[in-house]
Amino acid sequence: MSSMKNKRFNLLLIALVTLVAVWSLWPTWSDYSLSRQLNSYRSAQDSLKYALSHREELENARKKSLKLGLDLRGGMHLVMEVDQIDLFEQKAWNKDAKFTEIMNSVRAKAAKSDASVLELIVAEFKIENIRLSRYFYDIRNSDREIISKLEKESDDALSRAKEIIRNRIDQYGVAEPVITTQGSRKIIIELPGISDQNRVRNLLKGTAKLEFRLLRDPEVLVRTLDRINTYLVQNGTAPPAAVSDSSASKPLSASLPVPGSPAGAAPAAPATAANQNAAKPLYNVVGVSENGNAYTSEQSKEFVLSLLKRSDIQALLPLDTELLLAAKPDVGPSGEKLYSVYLVKKSPELTGGVITEAKATFGSEGVQPEVTMSMNSEGTSKWARITGANIGKRIAIVLDGAVYSAPVVQSKIPGGNSVINGIESLEEAKDLEIVLKAGALPAPVRIIEERTVGPSLGADYIRAGMLSLSWSFLAVSVFMLLYYKKAGIAADIALVLNILIVLSVLAGFSASLSLPGIAGIVLTIGMAVDANVLIYERIREELDASKGLTSSIELGYDRAFSSILDSHVTTMVAAFLLYTYGIGPIQGFALTLMIGTAASLFTSIVVTKEIFSFLMGKNLLSEKSFG
Amino acid sequence: MRIFHKTNFDFIGFRKIAYGFSLILLASGLISLAVKGLNYGIDFRGGSEVLIRFDKNIDVSAVRAVLDEAGISGSLKQYGLDRSFLFSTVFSGETNELKSLVSGAFDARLKNNPHEIVRIDAVGPSIASDLKWSALKALLASLIAILLYVGIRFEIKFATAGVIAIFHDILSVLGLFSLLGGLFDFMPLEMDQSIIAAFLTIAGYSITDTVVVYDRIRERIRGQKPADYERIFNESMNQTLSRTIITSGTVLLSVFVLFIFAGPAIRGFAFAVFCGILIGTYSSIFVAAPLVFDWLRLSKTPVHLRGSKVS
């Protein structure tokens, strides 16, 4: 075991590992010292000058330095889920009442279980004894063929959604975002150092489904609203005041003096009597102006939206139409916010797929932000045909189910241009530009987990982590020195190398160091010396049995090895499984523990043994060296 | 320096008392689990949490009063001990609304004590159940893997007793979490992902300690008569006592440092690992090895050990 050749190999290996570790951590060190240098300048000018003159060095160091996790540097961790039910609904070519019923029941089940949506759908179809081909793909397809097609659809949708989200984030401009998919419907997004979390959230969650849809005539809208109102009266639906508590504070009709309609179809004075309320459940929340425009107030918006989602209400609408609300409110005469209600055709004339370019600008008057869009050739010719055929009619520009504007077509538009207006700020216009350019998501996405750490807490975590690291190193290494004397030095050197290896492996593979990761290193410090303890205790035992120094050391390493191997393997197994099943921060802990345990096999056995044989060669080791 | 040098404890003789102690420990934990249950963190129950830090000292009841007054429902707790409070409420996808609601309430009512929202976590119910399942899967898989590994390296009786000891350790810590949960402001003792990490660490470490004892027993028991087993077990445990204690000691030292310095986010984890290693060290001497001994005694067949090499 200790032939000359072997010894030289071990020495070379130790030197190589140390060199690689130092080399891999060098950028981290230089990044740290450069940043310190930068911060040491008193004026911003000096530090800028330094930054410019050392730009390449700085960039290189930063790129290769050890990354800090989101919890340490502050940032946002998001898990988004692609709405697979919506996706599969889109794929169905035949959506009758039965289908809607099945999908609603799937939706209810999916909310409670984590089984795959497709499995739930298949199970539900089995219960109903209906073949999938009645709704999906070709009637001749077998269930299995359809399942595999739908599976592929959902995989595609997930990867497309990931790409689109990446596009949006890249265009928004976030340094070092990490976007990965997990399972069949989750996208994990890590965004370090985000200051405007709300903007990012809005940027990410919109589907960006752009549609141009024809508006139905005002008479049809009014007739439809009447029909819904009558239906609600007959079915005894409670007035919204009792349904939505946000609107409970005041009668909504009071806040609905629709512009240009003192009386007419719009409700007049607030209805005090309950029976009067019941007589017009819809008109309590929706007002209609003389010229046939319908409105709802800010407070009752949620209630109206929930009403419009009901399938019995949808059944009352004229064929191929849908009631939509405006994306942005208009301001009423007394300053209240009113949302227009539109009756639009369900099938869009044109969709956002044809958009090639989008640009946020200010409108003709130079104050109102808007987004101008241009279309590809196919879209241009279609758009020309649509606008040409509908002069004098209104076309609604619908984004994610909300109407941005519904301009009257003045003339045929040949150039493939269109505009979204009704935008509040230039910032919002810019975000619209981003999502339109990145394209529409294949299905809606939802934020199902969000963790945000502010930079100040991150700084606290770093301080706490560093304190724990140094104290634990100090405590353990001093203990080893006290308990094992000279042999303790060897264990401590091995410990330093162990920590270096863990950090350098993290840096080398661009894994990031998080607070749980630091906890993993601290734990590693305690565990890494275990191997040395086992060896040293065994050596002591052999020394007690008067085996002589050289052979005691030899025997100590030999006989302790099987315990060391077993204990390391079991710790590694636990850490590996934790890494496999763990999510986010816990993986950081598992990773450092794994690297640390593996490294300790090398450092506490090979390195300490080399140190002993070196000391033996110099006659610096005696039986007393093991305490 | 030498501690526990040439000891001569009759561990096997003590085993009945130890079994009794373990049973009481486990039973009280299990009763507490059944009666009081566990505090789940938002990882496993879903919900939103806002961590708020104030510039100046403020009483938790004052903060709670502000939230009550503003009509924001949820529970508020002191977090760590540094002017920070953790407010938890039901899950909402719109953390921004929650943030502005909370922020607005404090801005309006606590003007002279500025606050900062330093962390917001929101975990949806579906992901919470995902997390729970993957945690359970990880635990189960690691127990099976350890059983297999120790079974291959030693013998099935050793492996089973080792895994029983792991169960003993994890259940004891779980019981402690239930018993002590919510009693201390400086550590909430909530079940979350980090506690699962702690359990896996405990599982890995518990078997480490046990293996050290097993290894020595294996080395010495080969070719011996069953009548000598009690003596061999006792001697083996006494011989390895020093290393069992010292190895655990260094890890306990590190975990203690974590508990003190690493902040409230890690404190529950550090507490779990600390207790787990303490109990794990005890169980490898008083549970795992005695169980193997009793099993061998009752089955009356000589052991067929694998993997040991004696030079």
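## A partly exposed lysine

Lys485(A) has a relative accessible area of 43%, making this residue partly exposed (buried means under 20% relative accessible area, exposed over 50%, partly exposed in between, with a 1.4 Å probe and protein chains only). Lys485(A) sits in the loop that joins α17 (455-484) to α18 (486-508) of chain A. Its phi is near 55 degrees, a positive value in a residue other than glycine. Most residues other than glycine have a negative phi.

## A tyrosine to visit next

Tyr137(A) also has a positive phi, near 50 degrees. You will find Tyr137(A) in the loop between α7 (117-128) and α8 (143-172) of chain A. Tyr137(A) is partly exposed, at a relative accessible area of 24%.

## About the model

This is a predicted model, where local features need pLDDT of at least 70, side-chain atom pairs count only at pLDDT 80 or more, and totals for chains, interfaces and linings use all residues. Residues are numbered from 1 along each chain as its sequence is written, chains are lettered from A and ligands numbered from 1 in the order in which they are written, and side-chain values use heavy atoms, leaving out hydrogens and water.

Chain A averages a pLDDT of 83, and 91% of the residues score at least 70 (pLDDT is the predictor's confidence in each residue, from 0 to 100). Over residues 239-276 of chain A, pLDDT stays under 50.

## The whole chain

Of the 627 residues in chain A, 50% are buried. The C-alpha atoms of chain A fill a box of roughly 110 × 70 × 55 Å, taken along the principal axes.

Methods
Contact = heavy atoms within 4.5 Å. Helix = DSSP H or I, 4+ residues; strand = E, 2+ residues; numbered from the N terminus.
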